[in-house]
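Dear colleague,

I am handing over the structure below for your files.

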Amino acid sequence: MKTKGAICWGPGEPWAVEELDMGEPVAGEVRIRLASAGMCHSDEHMRAGDAPSPYPLLGGHEGAGVVEAVGPNVTSLEEGDHTVSTYIPACGRCVWCARGQSNICDLGARIMGGIAIADGTYRTTVKGQGAAPMSLLGTFSPYITVHESQAVKIRDDVPLVYASLLSCGVLTGFGSATKIADVGPGETVVVVGCGGVGANAVWGAAMAGAARVIVVDPSPIKESLSKQFGATHWFPSMAAAAEPIRELTWGVRADKVILTVGELQPEMVQEALTLTSKGGVMVLACLGKVSIDKVAMKPFWLSMLQKQIRGTVFGGCNPRTDIPRILDLYKEGRYPLEQLVTKEYRLEEVNTGYADMLAGSNIRGLVRFDESDYC
Ligand SMILES: NC(=O)c1ccc[n+]([C@@H]2O[C@H](COP(=O)([O-])OP(=O)(O)OC[C@H]3O[C@@H](n4cnc5c(N)ncnc54)[C@H](O)[C@@H]3O)[C@@H](O)[C@H]2O)c1
Ligand SMILES: [Zn+2]
Ligand SMILES: [Zn+2]
């Protein structure tokens with residue numbers, strides 16, 4: 001079938017909406033008609049060439065929609081199911097899935113290769129070339145054809161347009177606070193960078209009972225926006241936050257610091273550790289250039305003050321259990337999904353959406369598809 005999608009033709013090139021040819025789902029695959037696509041910073045890293053990517057790259061890895069066609073041997077989904085796509089496949093069988101750590105499923109090794117899990121070929125082509133879908137999803141298109149390990153069936157009474165945020169940003173941020181940082185009641189938490197991931201870390205920390213949730217973000221608009229998610233304080237930089245945090249905590253500093261800036265810089269690791277208390281935890285959720293192999297860190301004080309640095313992918317969340325749980329919270333009025341969307345865009349405006357993200361004006365930008373986008 002013919003459809004369209006936002007393609008990046010090479011590192012540093014802008015997104016260009018092109019006509020796509022999409023094959024029928026093969027064994028193990030489904031085609032999903034998407035309601036929306038969230039605009040995560042990780043697509044920008046791939047577009048900019050911060051990480052190795054096959055090109056042409058079909059962008060987008062946050063998406064939710066309805067299953068429209070089912071290939072042979074699919075067992076977990078049927079036509080008409082409402083789904084959230086997940087940027088890391090969960091096979092359910094590897095040792096990590098069996099341990100309850102589907103976010104580090106062995107199939108994750110495939111997501112930057114661009115070729116379909118089902119048969120090692122390209123399902124979508126652009127101008128006769130195989131298009132590599134971001135995280136094997138490519139949600140900057142009204143349709144995706146994906147392996148069933150990358151689509152989670154959800155309840156059908158939640159708005160699909162907001163459910164797409166659960167593909168990545170919501171769980172990465174929420175899980176960074178609730179699982180990886182393991183925030184507890186009364187703690188002081190610092191979230192550095194309040195975008196699509198950070199806002200959910202703020203909400204997660206607040207839900208977990210943190211006494212103070214301190215946001216650091218250079219964008220002044222994030223002062224009021226972050227407070228909608230439960231932030232108690234805002235500072236424009238880690239340097240500006242250091243002394244007030246020391247005072248607020250009677251010299252203890254923050255129990256947990258979660259780093260979710262758009263692009264990690266090497267000096268930020270030590271800056272974040274400086275805000276972390278003795279015995280505290282610093283979570284590294286954001287990405288920088290893959291070429292970074294040295295960061296600032298004072299190892300003497302890491303040991304002597306018994307601090308920990310923890311990395312995370314997808315906030316340590318398990319897509320098949322945690323996506324439905326967040327949607328249950330949403331239905332109970334306890335997860336502000338709508339508020340996460342600062343602005344909606346047409347697919348053709350995806351470059352404008354990313355410019356807004358880089359200017360720090362959005363919590364999350366969202367591409368909403370409508371009838372004119374479907375074929
Ligand atoms: N680990 C994972 O599984 C995972 C998943 C999703 C995204 N990510 C990464 O997490 C990061 C955040 O993603 P996002 O979509 O929320 O990005 P975003 O661009 O929406 O948000 C980043 C925020 O950081 C702020 N910021 C920029 N420079 C800063 C600084 N020096 N100090 C404090 N704040 C600063 C920006 O103003 C913005 O509000 C990206 O690097 C992304 O690639 C990682
Ligand atoms: Zn697995
Ligand atoms: Zn993402």
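In which sense do strand β15 and strand β16 pair, and over how many bridges? Please note first that this is a predicted model. In it, β15 (residues 254–259) and β16 (residues 276–284) run in the parallel sense and are joined over 5 bridges. Within this pair, Ala254 stands opposite Thr276 of β16.

Both strands belong to an open sheet of 6 strands, whose order is β14-β13-β12-β15-β16-β17 and whose pairing is parallel. At its edges are β14 (233–235) and β17 (308–311), each of which pairs on one side only. On average, neighbouring strands of the sheet are turned by 20 degrees against each other, direction ignored. Helix α5 (residues 198–207) packs on this sheet, where α5 touches β12 (188–192), β13 (212–216) and β15. The direction of α5 makes about 170 degrees with that of β12.

Turning to the chain as a whole, there is a division into domain 1 (2–167 + 336–373) and domain 2 (173–312). The C-alpha centres of the two domains lie 28 Å apart. Where the domains meet, domain 1 contributes 16 residues to the contact and domain 2 contributes 16 residues. On the side of domain 1 that touches domain 2, α1 (41–48) and α11 (337–340) each supply at least two residues. Of these, α1 gives the most to that side, with 3 residues. Sorted by class, this side of domain 1 holds 7 nonpolar, 7 polar and 2 charged residues.

With kind regards

Technical notes
Residues numbered from 1 in each chain as written. Chains lettered and ligands numbered in written order. Predicted model: local features only at pLDDT ≥ 70, side-chain atom pairs only at ≥ 80, totals over all residues. Pairing = 2+ DSSP bridges. Helix = DSSP H or I, 4+ residues; strand = E, 2+ residues; numbered from the N terminus. Axes fitted to C-alpha atoms, helices over the stretch in contact; angles between N-to-C directions. Contact = placed C-beta atoms within 7 Å. Domains from an automatic or database assignment. Nonpolar A, V, L, I, M, F, W, Y, C, P; charged D, E, K, R; others polar.
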